[in-house]
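Morning, everyone. Let me put the model on the screen, and then we'll go through the fold and the cores.

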Amino acid sequence: MLTLKHEKLINTGFRIAGIILAVGFAALALILAKANPFVAFGNILKGAFSTDKKIADSFVIWIPLIITTCGLAITFTVGLWNIGIEGQITLGAIFTTGIIRLLQDSGVSPTLVIVAAIFAGIVGGMIWALIAGLLKFFGGVSEIFAGLGLNFIATALTIYLIFGPWKRPGVASMSGTVPFDEIFRLPNIPGLRLSPWSLALAVTSVIIVFILLKHTTIGLRMKAVGKNPKAARLMGISSSKYMLLAFLLCGLFAGLAGALQVTAVYYRLIPSISSGYGFMGLLVAMLVNYQVLWAIPVAYLFAALNIGGIQLPIEMHLDSTLSGVIQSSLVLFYLIMDGVRKKMVSKIGEGTHE
Amino acid sequence: MHINLNEISKYYGNLKANDAVSLVIQQGKILGVLGENGAGKSTLMKILSGLIKKDHGDILVNGSKVIIESPKDAIQFGIGMLHQEPRDFPSMAIKENLVVGLANYNREVQPKFESLERLNDNLGFKLDFSGDVSQFTVGERQELELMRLLWLGVEVLILDEPTTGISGGQKDQLFSALRKLASDGKTILFVSHKLDEIQSLCDQAAVMRKGKLVDIIDSPFDQNNLVELMFGRNLSRIPPSRSISSSLCISVENMEIEDFRLNIRDINLDLKKGEVIGLAGMAGSGQRQFLQALAGLIQPVNGSINLEDERINGKNCFFFQQQGIHYVPTSRLEEGLLPGMTLEEHYCLARNNDRFFIQKKTNLKHSREKINTFRIKGNENSRVEELSGGNQQRLLLSLLKEPAKLLLLDDPTRGLDIESANWIWTIMRDRCQSNTAIIFSSSDLEELLFYSDRIMVFFGGTVTKPIAASGLTEDRLGAMIGGKEFAYIEA
């Protein structure tokens, strides 16, 4: 029988092999695009790490990414595929924008407005997640399809607001609503685009979710529901209760991410406010096997690839989506290697018990 | 066709699942493979049928060495295995199930089903090949699988604990079919831990213990000798102590349960504290639904369940649990336990402590105590799927809250050897001393008669009133399960 220590060693080995294969695959893609992979990887690294400003830019992406990953770690634990995460981020952004627009001329203290707006964003994310949850439990709609549908509605709602009630004076534009005054923005670290407040909230989110999943009764019960809802029921754990709770908590973090996109990054509502970080969060969550602490470096790697990828069109006339290829192949190869590992381990352990 | 197993070994880490097992399997014989849980019988059979790879040793078919790496290889050499659980596709049509594994199946050419019909008649089965597998009982699915293997040309049939979960009548039918097949020259390997089955069916018995082949003996067998070979010592069931109180635990009045294929009416029961009720009947006659209804897991259509003068049906299962009514399912890993989670996590969940943070220290202490008292072979960090069936059952029972009013056990000793079953019943009987009532289902007549105070028999949509077990014999109970003498019990 395999000991736990051996198993951990094997797991790490397979993870590393997955990364090597992914990088190899990306190199192959580059060669096909008639580019030197070493130069390209060098450019990505240069683009991501060469200056403080670029590192800070990576953190600007890392913040929404890690916050959504935190939320998704909860829904994954309880066994749900919260595809509706994008819509939940978007609703967070819409609610936040709405509150700031409502209160910006009311004379209420700007600090209070920002706090209220962030809370409104959280509520927005939770409402959108709750709808998906209720559709699942009372309508029998799979959370995957409910989430997908709600994502489309959220996008449509954003476009409607930007081109309708919240349009810029004169002509509506894809560039979004009118930016808020300086006083309604979360302050940045001088000289950088990075807000220390967002960073603090992101770190807090990681700590909270880590403790929730590892050290609380609620977290353990969620895990039980995710592993076997039937057995959980016999142990007195209501799976629908904990699944709804997981939806709400995930919505909370998604809403927070959306609120920060508005108050700390764009200062307005734009059509693609979620920037795909919800889906990217799904990839990160899968890649780290729902262990939040591992999400910290992995989310940073993804963020750095996004920032570094911008260098490619400038330096090498390549498409910047190449960083997307690397990200996706990382996930794919990791999952493939994980599948191979499971197969191998189960072959070793197979039939030990009658 | 005869098979030689030469020094077959299989290791899992330090555990020797099979330790240099050599065995000659002769054509036209029914060879029983006997041993307690974990003795290595299934491992050996799975090696022969290509499901597991051996570490050492050779397999010889008709004297020449063969390499079997998959069930498909095994079938090509004429070796087929009938598994403990039916491995078919219940949602597919029966004919689709039959052809789905054919190597060279072509939709244009209709396979020859006539030979199948002949086989059906020959073996005395009464299977209807139109329709879906889902309409079959477990026993019929087994018959179908058996015929599929024969239809594929299998000469050596391996049956792994085939009588688990089938009724007495189906068992008789299966045994007579197996005898017929053996007399036609097929070779049968019959894996079981049930002595009476080996005694009544087999020509030869290979007894395994702790991965080794202990002995091969010819029929007729001496029961005590078999038990001694199996366990290394003599064992028998431990007689229970009776302790029924006169006060009522739960009463069921005119309950009616409905299921997509079952409808059972007029169930009445006055259960006393400390009493044990056994549920007898063919597999799938509604025993499970009855237990689940009493646990609040399914709602009865009619009638009432009363707990201390309060009508409690209609409430959800969590209310029943709070009242001290607990259900233990028969499929442990699928319904009762959480695969991937450790024993410690299980104990933590089962304690149902509502504190926000997990109390690591108290939990660990509690887990170790439980693992010790229930003699579970594993530690707090073991994951449940690493435990053997018997230990999983012990774990499941150790998770039950104390004190409980009523325990509902769905075939609690399914697939367990006598020693494990004895131990489980000792624990359960202890609980009855403290006024816990038990209702359990079982397919083992001896177990039902031995441990129950009263027995209810399920047959064809009806249930008898509880009958005192002391007034019943195995023959009579068997006849009632088969639907005979029903008038007698109604009286």
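This is a predicted model: local features need pLDDT of at least 70, side-chain atom pairs count only at pLDDT 80 or more; totals for chains, interfaces and linings use all residues.

Residues are numbered from 1 along each chain as its sequence is written, and chains are lettered from A and ligands numbered from 1 in the order in which they are written.

Chain A first. It has 14 helices and zero strands; those are DSSP runs, H or I of at least four residues for helices, E of at least two for strands, numbered from the N terminus. The radius of gyration of chain A is 22 Å, close to the 20 Å from the globule rule for 354 residues, so chain A is as compact as a globular protein of that length. That radius is over C-alpha atoms, and the rule is 2.2 Å times the number of residues to the power 0.38. The C-alpha trace spans about 75 × 60 × 35 Å along its principal axes.

Burial next. Of the 354 residues in chain A, 47% are buried. Buried means 20 or more other C-beta atoms within 10 Å of the residue's own, exposed means 12 or fewer, partly exposed is in between, and C-beta atoms are placed from the backbone.

Now the cores. A nonpolar core is a set of buried Ala, Val, Leu, Ile, Met, Phe, Trp, Tyr and Cys residues joined through C-beta atoms within 7 Å. The largest has 172 residues; Leu65(A) and Leu408(B) are among those with the most contacts inside it. Its largest share, 17 residues, comes from helix H10 (residues 239–266) of chain A. Apart from it lies another core of 53 residues, including Val133(B) and Met147(B).
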